[in-house]
Every structure is written in C-alpha cells, then in structure tokens.
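Q: Please take a close look at the aromatic residues of this structure. How are the rings paired, and which of them are buried or partly exposed?

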Amino acid sequence: MHLPASPGWLLVALCAATGAYCLLRMRSNVEEQRRAAGGEALMGFGMAAMAVPAAVFTPPSWTWPGYAVVFGVAALRALWAARASAHHLHHLVGASAMVYMAVTMSASPGHGASGVPLVTGTLLLYFTGYVLLTGVRLVPVTAGGGAVRLGDRPELARACRLSMGIAMLAMLLTI
C-alpha cells in the first residue's frame, strides 16, 4: 500500500492485533465463533502484511501474486461456506477485495497503482456501509449476566470486524 510510515505502522498494528484476537477466538467454546475466527485471523494478518509501508520494506515481486492466490483460495472457501450462512458473503467480499488489491499492486508495485475506479468505488461503498452498520451494532444494550470468556464476547468480535472494515477502507483509499 502507499501509506506514509506513521499511518502505515498504525494500520499494521491494528490489523495484527485484530488477527491475534481472532486467533484467540478460535479457542472459543462456541462453534460459530471458531468457524469464523480462522478466516478473520487470515484477513487481519494478511492486511497487516500488506500495510507495511513501502518506504520501509519493498516486498519481492512474487509476494503480490502469492497474496492473490492465498486470498483467492480464501474467497472460494467463503463462497462454499456461504451456502450455510450469509455471514460468509462478507468474508467473500473481503477476500475478493484482498485479491483485487494484490493484483493491483502486482501490476504496478511502488508506482502508485490505482486499480479500476469502478471496482475500487464499489468496494469503498460496500465497506463504508459495513463499517457504519457494524458501528451501530456496537451500541451497548443492557448488560448481560455471568462471566464470559474473552474469546466468546460477541461485542469484541464485532469490534474486531469493525476495525478490519476500517482498515480495509484505508487500504482501498491508498491503492
């Protein structure tokens, strides 16, 4: 991505922390949490790796096609999983956006590639809507009772998804 060093490192930290929390969620007792957390961890760490400022580290030329393959496989997996749950459609869009950004960066690494304006604009609209909707869902309701493990807290999972949505917006704006 074409971010200045400070915002780039903040984005790396945000995405890596999100990926780490998603790994923690994979230990949940709730099956749906475990199922979604693996793909979200991949997204978080993948976004962190893509956000490393180019002024600090220029990845080798094979990196971008490698990202495209990894997230292409993740998109196919999300498409398959979407048969059972519509939530996986968001994973499909996210993985497809990662493929799109990787292809854009491989076409013009370090030269300010901008991608296809219609695709970039559509993805920006989708993730803006997603961030706004997820943010509204974070508004607290009445407090529940009982102790809940850190990996099983739905509001933290939503916050995790919100931070990845915001990071995706930042990354799309900088390609």
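A: Tyr126 is partly exposed, at a relative accessible area of 29%, whereas Tyr130 is buried at 14%; buried means under 20% relative accessible area, exposed over 50%, and partly exposed in between, with a 1.4 Å probe and protein chains only. This is a predicted model, in which local features need pLDDT of at least 70 and side-chain atom pairs count only at pLDDT 80 or more, while totals for chains, interfaces and linings use all residues. Residues are numbered from 1 along each chain as its sequence is written, and side-chain values use heavy atoms, with hydrogens and water left out.

Both tyrosines, Tyr126 and Tyr130, belong to helix α5 (residues 117–137), where they are 4 residues apart, about one turn of the helix. Helices are DSSP runs of H or I with at least four residues, numbered from the N terminus. Together with Phe127, Tyr126 and Tyr130 form one aromatic cluster.

The whole structure holds 3 aromatic pairs. One of them is tilted: Trp64 and Tyr67, at 5.4 Å centre to centre with 45 degrees between the planes. Rings of Phe, Tyr and Trp (its six-membered ring) pair if their centres lie within 6.5 Å; planes under 30 degrees apart count as stacked, over 60 as edge-to-face and the rest as tilted. Trp64 and Tyr67 lie 3 residues apart in helix α3 (residues 63–81), about one turn of the helix. Trp64 is buried at 5% relative accessible area, and Tyr67 is also buried, at 16%. The pair of Tyr126 and Tyr130 is stacked, because its ring centres are 6.4 Å apart and its planes are at 15 degrees.

Note on methods:
Helix = DSSP H or I, 4+ residues; strand = E, 2+ residues; numbered from the N terminus.
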